[in-house]
Amino acid sequence: MTTVSSARATLAGRDRSADIRRETRVFRTPWTRYGALLLVALAVVLPLSTADSFLLSLGITVGYFSIAAVGLNVVNGYAGQIMMGQPFFLAIGAFTAVAVGSVADLPLPVWLVAAAVMGALAGVLVAPFALRLKGVYQIVLSLGLIFIGQYIFVNWSDLTGGVSGRRAPLNMSIGPLDFAALQFGGMTYSYQQGLFMLVWVVVGVCMLLVHLLMRSPGGRNIMALRDSELAARVVGLNPARSMVGVFAISSAMGAVGGAFYVAQLRFVSVEQFNLGMGLTFIIIVTVGGLSTSWGPVVGSLVICSIPLLAGRYAEMIPFLKPSASVPDGTFGIPVGQFSVVVYGLLLVLILMFEPRGLTHLLKVFALWITTPLRRPSTRRREREKAREAAEWTP
């Protein structure tokens, strides 16, 4: 009887060890590997194979929104806080990039790291105030951050240009490599093509860092605090220490997104970092899927694409009107208001029918499509487990 119990304990230990290894792997399923390969192909092959300005501009926009949304997902998703002040940190990153990469004309790594550091410091300063509040009061704090940021940057006109904004061409060089005029294979590529590759490389790095963080003991502590702060305190976890780090990571990624925002437009204005941008980020992480690796990217792709595609293909969509300023007596949604209508519908549908977001829907669809392909391997694993159990049975 002791031998049987020991065998069962050994098998349970093996299964538990296998589960831990599977949980902590970077690519837990074939679909995550395929997604990583797709991301690499998107970052390298697409900009090298097309010079379409619209497609490149859309990809860059989705990229830097994804970077900032990955950071926001750490706070709102994994940590369970309610913050919508990401525009404040984007503004810090944007104007840091202007000061370091445009005014001082320092190379790309310098202004990018400076933006991340300044954003992280701002997050550390904001965290103690945010952690004293819960629920709707954190939303009020977020609104205050946005308005305080606008007041500071509007009056710092020497750097920001005030209400009118300022041109901000950034130094895009890394040593001999200049992403503003990238040369590869005997060909010279445009500014947008080089920036596209750079932005999506940073997207991949941010996703990997967040994935590794959330699979580490520190990340598990963060999720434990989210699920039950009282229970986490009982076992000895320090909420303040863990959450300050969360805010630093989130705000640093938001600042990096703001730096790339300036890099794309080569112009910056304080009014760009407004309440509407904060609502957009909340919609992105909610629609894409909270507490998921791919949710911010999927949400950014959908939410950023809608207004740009509607504006370009308005004539092909029957119920869209080009302008709302001139009433013509016909029914239709003005192009400028179309994205607002779609955002509202998406939020209602996601919250009512699939709170886990579009990422979970895509995962379920992929599993449904590949079910016939997975059945033989599933049966094989079950036979192997049964054979191992039989070997340990006396």
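**Entry 1: Leu39.** I started with Leu39, which sits in helix 2, residues 30–49. I am working from a predicted model, so I keep that in mind throughout. Is Leu39 buried or exposed? Its relative accessible area is 12%, under the 20% cut-off, so I noted Leu39 as buried. I then looked for partners beyond four places in sequence and found contacts with Trp200, Gly204, Met207 and Trp294. I also checked Leu39 against Val201: the two are 162 residues apart in sequence, yet their C-alpha atoms lie 8.7 Å apart in space.

**Entry 2: Ser66.** Next I went to helix 3, residues 53–78, where I found Ser66. Ser66 has 0% relative accessibility, so I put it down as buried. Which residues does Ser66 contact, leaving aside neighbours within four places in sequence? I listed Trp200, Val203, Pro296, Val297 and Ser300. Trp200 was already in my notes as a contact of Leu39, and here it turns up beside Ser66.

**Entry 3: the core.** I looked up the largest nonpolar core and counted 95 residues in it. Which of them touch the most other members? My list reads Ile67, Trp111, Met172, Phe260, Phe273 and Phe281. Helix 3 gives this core its largest share, 14 residues. As a reminder to myself, nonpolar side chains tend to be buried together in soluble globular proteins. I followed up Phe281, and beyond four places in sequence it touches Phe65, Ala68, Ala69, Leu72, Gln86 and Leu90.

**Entry 4: helix 11.** I checked the length of helix 11, residues 239–265. With 27 residues at 1.5 Å a residue, helix 11 should span 39 Å, and its end C-alpha atoms are 39 Å apart, so the two agree. How many of its residues are buried? I got 21 of the 27, so I wrote "mostly covered". Just after helix 11 comes Arg266, where I noted a positive phi of about 55 degrees.

**Entry 5: a surface patch.** On the surface I found a nonpolar patch formed by Val341, Leu345, Val348, Leu349, Met352 and Phe353. Together they have about 610 Å² of accessible area. I picked out Val341, which belongs to helix 14, residues 335–353. At 38% relative accessible area, Val341 is partly exposed.

**Entry 6: salt bridges.** How many salt bridges does the whole structure hold? My search came back with two. Side chains of opposite charge can pair when their charged atoms come close. Asp227 is exposed at 57% relative accessibility, while Arg226 is partly exposed at 29%. The other bridge joins Glu354 and Arg356, also at 3.1 Å, N to O. Here Glu354 is buried at 11%, whereas Arg356 is partly exposed at 49%.

**Entry 7: the whole protein.** To finish, I noted the overall figures. The protein has 16 helices and eight strands, and 43% of its 394 residues count as buried. Among contacts with a separation of 6 or more, 77% come from residues 24 or more positions apart. The protein exposes about 20700 Å², with carbon and sulfur atoms supplying 67% of that area.

Technical notes: Residues numbered from 1 in each chain as written. Predicted model: local features only at pLDDT ≥ 70, side-chain atom pairs only at ≥ 80, totals over all residues. Heavy atoms only, no water. Helix = DSSP H or I, 4+ residues; strand = E, 2+ residues; numbered from the N terminus. Buried < 20%, exposed > 50% of the residue type's maximum accessible area, 1.4 Å probe, protein only. Contact = heavy atoms within 4.5 Å. Expected span 1.5 Å × (residues − 1). Patch = residues over 30% accessible without salt bridge, like charges linked within 9 Å, V, L, I, M, F, W, Y side chains within 5 Å. Areas by Shrake-Rupley, 256 points an atom, 1.4 Å probe, with all protein chains shown as cover. Salt bridge = Lys/Arg side-chain N within 4 Å of Asp/Glu carboxyl O. Core = buried A, V, L, I, M, F, W, Y, C linked by side-chain atoms within 4.5 Å.
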